[in-house]
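These are my notebook entries from a walk through a structure that was new to me.

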Amino acid sequence: VATLAFGAFHLWYVIGMLMGGALLWLIRDWPARQLLVLAVVLYVLGVSIQYTQHYLVQTIPVYAYRNFLFFALPMMAIGLAMRKMDLSGVATRTLCLGLAGGLALLAPEVLVARKYWGGFDMYLSLIVICPILFLLALRVNIQGHFPGLAMMSSTIYFSHVGFMLILSQIVGIPDGLGLFFATVAASLALYAVVVRHRRRLHWIF
């Protein structure tokens, strides 16, 4: 039941987007300010639960904070709020300065987390960094058309965990760069098969 509700491995975000998107649809008419306040409160609460789990109460399950309510919904709500606010007039220089400030906050978070726990799922500074990166990405004008890019990213995203498990537990490749490159190669090989049979798989891609 927990797997169905919160997903497995990194696929939790698929469930998060579906459930977070459903909640966002219910509050889609909220003013931008209310959406931002809700997003910040929920995200900070989720990060607080994560820190509590790592530093105080280790028995708290990971899906108590890494879920649609404390991660997916806040990020999606910020996106909707930015659309309502129309931030196209914000100077690129201002965004770059904001990104630099966010990265300056992220660096010590990552260093401390990696030193004691090996890393976190949620970093407090991401609520600043992610929206700014999104706004900057919207300003990049990429020439050309890449119809297979979405299919490649989807194939790798949904298949690489399975390949990691097979290559590490059955083939016996130890965790590290070897496993990483073998997983990438296997995922790309599957992508080649998908491309060849894309007409039969049109209902997926």
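**Entry: Y55.** I started with Y55 and found it in helix α3; helices here are DSSP runs of H or I with at least four residues, strands are runs of E with at least two, and both are numbered from the N terminus. This is a predicted model, so I noted that local features need pLDDT of at least 70, that side-chain atom pairs count only at pLDDT 80 or more, and that totals for chains, interfaces and linings use all residues. I also noted that residues are numbered from 1 along each chain as its sequence is written, and that side-chain values use heavy atoms, with hydrogens and water left out.

Is Y55 buried or exposed, or partly exposed? I looked up its relative accessibility, which is 40%, so Y55 counts as partly exposed. The scale calls a residue buried under 20% relative accessible area, exposed over 50% and partly exposed in between, using a 1.4 Å probe and protein chains only.

Next I asked which residues Y55 touches. Leaving out residues up to four places away in sequence, Y55 touches V112, W117 and F120, where contact means heavy atoms within 4.5 Å. I also checked Y55 against Y116: they are 61 residues apart along the chain, and their C-alpha atoms are separated by 9.5 Å.

**Entry: the whole chain.** Then I stepped back. I counted 8 helices and 0 strands in the protein chain, and the pattern along the sequence reads α-α-α-α-α-α-α-α. The C-alpha atoms fill a box of roughly 50 × 50 × 35 Å, taken along the principal axes. Of the 205 residues in the protein chain, 28% are buried. I looked at contacts with a separation of 6 or more as well, and residues 24 or more positions apart account for 74% of them.

**Entry: α5 and α6.** How do helix α5 (residues 92–116) and helix α6 (residues 126–138) pack? I read an angle of about 150 degrees, with the axes 9 Å apart. Axes are lines fitted to C-alpha atoms, for helices over the stretch in contact, and angles run from 0 to 180 degrees between N-to-C directions. That makes α5 roughly antiparallel to α6; the labels are roughly parallel under 35 degrees, roughly antiparallel over 145, roughly perpendicular from 65 to 115, and oblique for the rest.

The crossing of α5 and α6 is left-handed. A crossing gets that label if the near helix is turned anticlockwise from the far one by less than a right angle, and is right-handed if clockwise. On the α5 side, I listed T92, L95, C96, G98, L99, G102, L103 and L106 in the contact. On the α6 side, I listed L126, V128, I129, I132, L133, L135 and L136. These residues divide into 12 nonpolar, 3 polar and no charged. Here Ala, Val, Leu, Ile, Met, Phe, Trp, Tyr, Cys and Pro count as nonpolar, Asp, Glu, Lys and Arg as charged, and the others, Gly among them, as polar.

**Entry: S125.** I found S125 in the loop between α5 and α6. S125 counts as buried, at 3% relative accessibility. Setting aside neighbours within four places in sequence, S125 is in contact with G102, L105, L106 and E109.

**Entry: α4 and α6.** Helix α4 (residues 68–85) packs with α6 at an angle of about 45 degrees, the axes being 11 Å apart. The two are therefore oblique to each other, and their crossing is right-handed. I saw M75, I78 and M82 of α4 meeting L126, I127, C130, P131, F134 and L135 of α6. This contact divides into 9 nonpolar, no polar and no charged residues.

**Entry: D86.** I found D86 in the loop between α4 and α5. Its phi is near 55 degrees, a positive value in a residue other than glycine. D86 is exposed, with a relative accessible area of 53%.

**Entry: aromatic pairs.** How many aromatic pairs are there? I got 3, with rings of Phe, Tyr and Trp (its six-membered ring) pairing if their centres lie within 6.5 Å; planes under 30 degrees apart count as stacked, over 60 as edge-to-face and the rest as tilted. Y43 and F71 form a tilted pair, 6.0 Å centre to centre with 50 degrees between the planes. This pair links distant parts of the chain, with Y43 in helix α3 (residues 32–55) and F71 in helix α4, 28 residues apart. Y43 is buried at 0% relative accessible area, and F71 is buried at 14%.
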